[in-house]
Amino acid sequence: MNTIRFLIKPTMKPTSKILFSCRNSQFFNPNSQTQTHPFRVLVSPRFIHNTHMAFRFPSSGFYQSEPNGIGGFSNGRGSYIVSRVLSTSVETRVNENSFERIYVQGNNGGMNVKPLVVERIDKDENMVGEEGSRIEVDGGVGVGNGGGDVNLRNLEGLIEPKVVEESEVEKEAWRLLREAVVYYCGSPVGTVAANDPGDKQPLNYDQVFIRDFVPSALAFLLKGEGEIVRNFLLHTLQLQSWEKTVDCYSPGQGLMPASFKVRTVPLDENKYEEVLDPDFGESAIGRVAPVDSGLWWIILLRAYGKLTGDYALQERVDVQTGLKMILNLCLTDGFDMFPSLLVTDGSCMIDRRMGIHGHPLEIQALFYSALRCSREMLAVNDGSKNLVRAINNRLSALSFHIREYYWVDMKKINEIYRYKTEEYSMDATNKFNIYPEQIPSWLMDWIPEEGGYMMGNLQPAHMDFRFFTLGNLWSIVSSLGTPRQNTAMLNLIEAKWDDLVGHMPLKICYPAFEFEEWRIITGSDPKNTPWSYHNGGSWPTLLWQFTLACMKMGRLELAQKAVDLAEKRLPVDHWPEYYDTRTGRFIGKQARRFQTWTVAGFLASKLLLQNPEMASMLFWEEDYELLEICVCALSKSGRKKCSRFAAKSQILV
Ligand code: GLC
């Protein structure tokens, strides 16, 4: 037997130890304290098995639930129960400074792992609840192919999805989407990124990506099928707490993986078991951090509740705890000078070097949306009140920051064009020291008289004026933009239809980097050549978010026009991942065909248009309460000026 030791990061306070595997009851610590108090899962699965599998099921095994409720069980369909509660609190994370050790005892192969022994177990005052939580993936409400279903639609007050006869294209899309479903121990848990039979090198396209699954989830939910989404939310929640390691370094807890794969591993005597194997970016091309995964997870959790009426899921202690962990990770203080979230390049849908490090719009819009979701879902109690306050303050500061400084229209460009530079004072107009020469020549000709948009990124002395579609659409959907800005963003898309939609909705960003800029900023990436892939390619998956934004702003005709375009081409072209060229005329150079989020995005768009009431549950209106909040004490002291009041904003209406 080996004793494995590892260190806990200084910001974390271990409250208990790992409990995992549904295969073997010995895996669970019978320690009495852990039976009545919440747990923090802290061990890397690598210590249990040589690979980073999270939890495991035998294909034929049956694991009995412990009498104390901490065990897990697996039947043919793979239901299980695992204890898991994790400590989270803003103060805990900010103030803790101690290193604490945990010892895990196990054998090398990991198949007959002995009970885990934890040296120290602390009770965390900031726990969400007293009891260890139980995850019952298949035991609860569900609709779909899995059996044992409770019809979510019977829940009171729920809006029924409209039954509309499907076109041939929709039928094909549904067939493809169902073929993309991934099963784990007999239950649907997600969809593969692509199912291209001609693909000789699937790389990680055979995995379930968190962000890619969102349109699949919405398509299922809008059709009244909740089981797969529920399973996905709970399984990814389990993966969340596993340690990710890049060259022996483990970034913060709470991170959600970029993707996961169901692997079959051999056991003794010709038996196999399935394991979930997450990728936190440690295998990803470029080792990019999946910052958006946790944000999408929160957004999906809310959507699931809204569309199924199964609010019990988000109220569960383990789910509340997972939510808090993501929030703590995002809200932890760092070196940031702005309320926007500071990230590395490639931390979102654009998961490659594309000059979007720092404070890219996409992350800010998803962050804002996730905070608004959390505000609705977090149980308010003594343990969470500080977090709730932090969320409200951040929402307010973030919306001010983005509305004021990211906004671009004729008027704003004219202001920047005449900026004074090198201003040192609290009253500076040109706070970020932007040199007017930075305004790109394409923009001077491109910006329409009417309409505007949020720029791609803002840093000291740097404005990235590129138009990024996802960030702008989510600014509309979440009301990160003001009502006037939201209207103006769609006006701009309409005015620039040929550039942003062209032959296939929608451009991921506009314009592309070319020549020297391409060479320096992408690092000569041959996949991101001008007007291809992330560098100005057209991505049909963006269609559902465009549809949602249009529906919110009462621009149904725009959405319909885009959906019609997609419907004509996508089936003929076999549902590609992306299109190339300035107007999206060609199927992407290296695009996968039968890309699931292309298929699902199309279906979700159709279903949204057919079910406007359901669609309205997925967007937010202006929250006037948030506009009132200003935590800055400076204005009261009178000593210095609060920049928020000093900024003569005409846009906060
Ligand atoms: C590419 C995309 C990324 C997507 C993944 C799987 O890496 O850039 O956004 O999640 O493929 O489809």
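## Crossing of α9 and α11

In this predicted model, helix α9 (residues 317-331) and helix α11 (residues 385-405) have axes that come within 11 Å and cross at roughly 50°. That angle makes α9 oblique to α11; angles under 35 degrees count as roughly parallel, over 145 as roughly antiparallel, 65 to 115 as roughly perpendicular and the rest as oblique. Axes are lines fitted to C-alpha atoms, for helices over the stretch in contact, with angles from 0 to 180 degrees between N-to-C directions. Helices (H or I, at least four residues) and strands (E, at least two) are DSSP runs, numbered from the N terminus.

The crossing of α9 and α11 is left-handed, that is, the near helix is turned anticlockwise from the far one by less than a right angle. Lys 324, Leu 327, Asn 328, Cys 330 and Leu 331 of α9 meet Leu 387, Ala 390, Ile 391 and Arg 394 of α11, where contact means heavy atoms within 4.5 Å.

## Basis of the values

The model is predicted: local features need pLDDT of at least 70, side-chain atom pairs count only at pLDDT 80 or more, and totals for chains, interfaces and linings use all residues. Residues are numbered from 1 along each chain as its sequence is written, and side-chain values use heavy atoms, with hydrogens and water left out.

## Sheet and covering helix

Strand β11 (residues 462-468) is joined to β12 by 2 bridges, and Phe 467 has Tyr 510 in β12 as its bridge partner.

## Backbone features

Tyr 510 is also joined to Pro 511 by a cis peptide bond, with omega about -10°. Pro 511 is in the loop between β12 and α17 (515-522). Another cis peptide bond joins Pro 505 and Leu 506, with omega about -10°; Leu 506 is in the loop between α16 (497-500) and β12.

Ser 524, in the loop between α17 and α18 (543-552), has a positive phi near 55° although the residue is not glycine.

Notes. Pairing = 2+ DSSP bridges.
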